[in-house]
Amino acid sequence: MTTLKASRTGARVERQPLARYTTLGVGGEAEVWFVSDHAQLAEAMEAPYRILGGGSNLVVADEGVPERVIRLTGPLAQADLAPDPQLSTPGQVVTGWVGGGVPLPGLIRKLQKLGLSNLEGTVGIPAQVGGAVWMNAGTRYGETFDGLHSLEIVTPGGTRHVTPDDLAWGYRNSGIPRGHIVTRVRLRLRPSTPEEVLARMDFADQARKGQPKMKTPGCAFKNPGGGKGAGQLIDEAGLKGTRIGQAMIAPEHANFIVNLGGATAADVLALLRLIRERVGVPLELEYELWPEELG
């Protein structure tokens, strides 16, 4: 880790290996900007940049990336879950602002304790709020957009406030362009009880018991439709347990690639290419690749 010259707005800037910020545990170095307010964010966006949340769903090249990498901290990683009295109704709670840097798992636990429903289907996803919104992260039991009321998005041209109705969102896609940063959201939640929300979380979590526990970015490919999921297609191709270097197609679930310890991005990319060569239908990556030409 190398501390670089301080920014004029007070952002902390360090050169760090991105492997420490990804759930896969691979990735070379980059200049990381830790920004806690909009002024620092605006300065960070003055040069080519990428935004890094919880680091799930991401494969970073072993060489790192040349762009600045932005992480939201401080007030942009805090949550005001108090109901907004002007926006809430008897059957709907609209919260204050929730920062894009808030870890999603901790947020889900807090909502459960408050007896607030709509997002428990995302239980277990190791993301930050901004990243989960950007890709509409979810499971078969629910997705991030189930609980969104409004969004604050910072773009190279300024700040926008939008609602889900303003976006062409869908399966694993928010409709938010690349390079636009989800800085804050308001949540749209249904009043329930802590016990009922916990029961739904437990039900959704049971479906994840067969997923691998080692370092992984999550599901590698989107389900292509046609009745068979990506994991089933990869399994039928006989690829479960296949290993290249220290990366392996998980024996528990074939749509997951895991790091056995010391895997490189090159190992992971080789497995992704092998899957696409051996599976008989086109598969669209669910992983984000940095840089994009890795794919």
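Visitor: Is N57 buried or exposed in this predicted model?
Guide: In this predicted model, N57 sits in the loop between β4 (49-51) and β5 (58-60). A residue under 20% relative accessible area is classed as buried. The relative accessibility of N57 is 10%, and therefore N57 counts as buried.

Visitor: What is the phi of N57?
Guide: Most residues other than glycine have a negative phi. N57 is a residue other than glycine with a positive value, and its phi is near 65°.

Visitor: What is the relative accessible area of N136?
Guide: N136 lies in the loop between α3 and β9 (138-139). Phi of N136 is also positive, near 50°. N136 is buried, and its relative accessible area is 0%.

Visitor: Which residues of α4 are buried, and against which elements do they pack?
Guide: The buried residues of α4 are V197, M201 and A204. They cover an arc of only 65° around the axis, so they lie on the same side of α4. The face turned away from that side carries the exposed residues E195, F203 and Q206. The buried residues pack against α2 and β8 (116-117).

Visitor: How many residues are in the largest nonpolar core?
Guide: Among the elements that each supply at least two residues of this core are α2 (104-114) and α4 (194-206). V133 is one of the residues that touch the most other members. The number of residues in this core is 32.

Visitor: Which residues does a cis peptide bond join?
Guide: P291 is found in the segment after β17 (288-290). With omega at about -10°, the cis bond joins W290 and P291.

Notes
Residues are numbered from 1 along each chain as its sequence is written. This is a predicted model: local features need pLDDT of at least 70, side-chain atom pairs count only at pLDDT 80 or more; totals for chains, interfaces and linings use all residues. Side-chain values use heavy atoms; hydrogens and water are left out. A nonpolar core is a set of buried Ala, Val, Leu, Ile, Met, Phe, Trp, Tyr and Cys residues joined through side-chain atoms within 4.5 Å. Buried means under 20% relative accessible area, exposed over 50%, partly exposed in between (1.4 Å probe, protein chains only). Helices (H or I, at least four residues) and strands (E, at least two) are DSSP runs, numbered from the N terminus. The arc is that of the directions from the helix axis to the C-beta atoms. Contact means heavy atoms within 4.5 Å.
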